[in-house]
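The sequence and the model come first.

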Amino acid sequence: MYLSLSDRPATSAAPQRTGGRVSRTVVTLGIVSLLTDISSESVSAILPLYLTAVVGLSPVAYGLVDGLYQGVSSLVRIAAGWAADRTDRPQPVALAGYAMSAVARLGLLFAGGFGTISTAISLDRVGKGVRTAPRDAMIAASSDPAHLGRSFGVHRTLDTIGATLGPLLAFLILWRIADGYDTVLVVSLGFAVLGVATMACFVPFRTGAVRRVAPRREPRPRLRWRTALTPGLIRVTGVSGVLALLTIGDGFVYLALLETGGFAAQWFPVLYVGTNLAYLTLAVPMGRLADRAGRAKVLVLGHLPLAAAYLCAASGSGALWTTCAAVLLLGVFYAATDGTLAAVAGQLVPETVRASGIATAQTAVAVARLVAATGFGLLWYAVGPRVAMLVVCAALLAAIPAGLALLRRAAR
């Protein structure tokens, strides 16, 4: 038996129930994520090619930038989660994160070198770190626990619609406008502002699971971060962190495929569309599968498609089918793991520290992915993309059964 809802600690208040239906708050947060992901993914879809082919960064330098993109959000995740728990108002905390990312879009319009680009990307990722745990805590608090995987699946579906439209929009702009990178950035900024406005106007301030109704003269209960460090959360965080060390960014996989000549460079943003379409199709089914088969089990086994994507990128065949397979396998990986991590972590801690618990797990993953991106850039430089992919794939295949065994023993 794997970690399940029965492993979570007892809580003092029951979360809002929706009778199996996905709540309005979850749908609204999904729309916010949709708009924000159109903004962010239209930029990220052009970033690897832009930085390596236009700016001229080496694989090592790109690894540093991708590391910032993957991991700098870890600097603020726990603090943001604690702030949301402490005030029982996660909406303003999440709103601040969305606003920071919008400001970063404006900064990218004026960024012209490695330093300024890195600064803007860091601000964007800090904004993501601020908003993610409070947003996921609002989803968990607004959902029936028996259908939590479905709620996260619905949210991730809307999120992924935006993540699909963003690269497609970037592709169409660059198809019609030569060197239209500034146009992509302006359109990205517009969608970011729409996301902030939707969050500010339509998501209630107080959507946490615990409603404090004590008289004004009584102080709020003091929250301690160590309350979130339950044995179940520590185990899941450790396993997720190790697996994240072997998870490199999509950009590296796509660049490796580009090196084999499987597609023309102008089609680079479309690869993100393919991955996001696969994610979009599978997010809700994977959420339901996690609810039925075990969320921790799906979280770990969801890394098998990632390993298969590495093999496709390392094949060096240059065939169209290997490119398509890698793109689709990445989508399967994200559908199985993205929302599942928050669902697992959110149910393994007391409700009063739910955002802190989710932030703890997400921080471990973000830090590990920062290290993974930087390390893989060095490995690429040292041995080349094909061997680097094979090394990471072999390590990941060894880590998956170990993670399963650890979670199985821990749940007994």
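Among contacts in the protein chain with a separation of 6 or more, 86% join residues 24 or more positions apart, a contact being heavy atoms within 4.5 Å. This is a predicted model, in which local features need pLDDT of at least 70 and side-chain atom pairs count only at pLDDT 80 or more, while totals for chains, interfaces and linings use all residues. Residues are numbered from 1 along each chain as its sequence is written, and side-chain values use heavy atoms, with hydrogens and water left out.

The protein chain has 16 helices and 0 strands; these are DSSP runs (helices H or I, at least four residues; strands E, at least two), numbered from the N terminus. Of its 412 residues, 58% are buried. Buried means under 20% relative accessible area, exposed over 50%, and partly exposed in between, with a 1.4 Å probe and protein chains only.

A nonpolar core is a set of buried Ala, Val, Leu, Ile, Met, Phe, Trp, Tyr and Cys residues joined through side-chain atoms within 4.5 Å. The largest one has 88 residues, and Val253, Tyr310 and Met389 are among those with the most contacts inside it. Helix α14 (residues 320-346) gives the most to this core, 13 residues. Leaving out residues up to four places away in sequence, Val253 touches Ile248, Tyr310, Ala313, Leu330 and Met389. A second, separate core of 7 residues includes Ala84 and Val126.

The structure holds 0 disulfides (pairs of cysteine sulfur atoms within 2.5 Å). Two cysteines are listed here by accessibility.

| Cysteine | Relative accessible area | Class |
|---|---|---|
| Cys201 | 59% | exposed |
| Cys324 | 38% | partly exposed |
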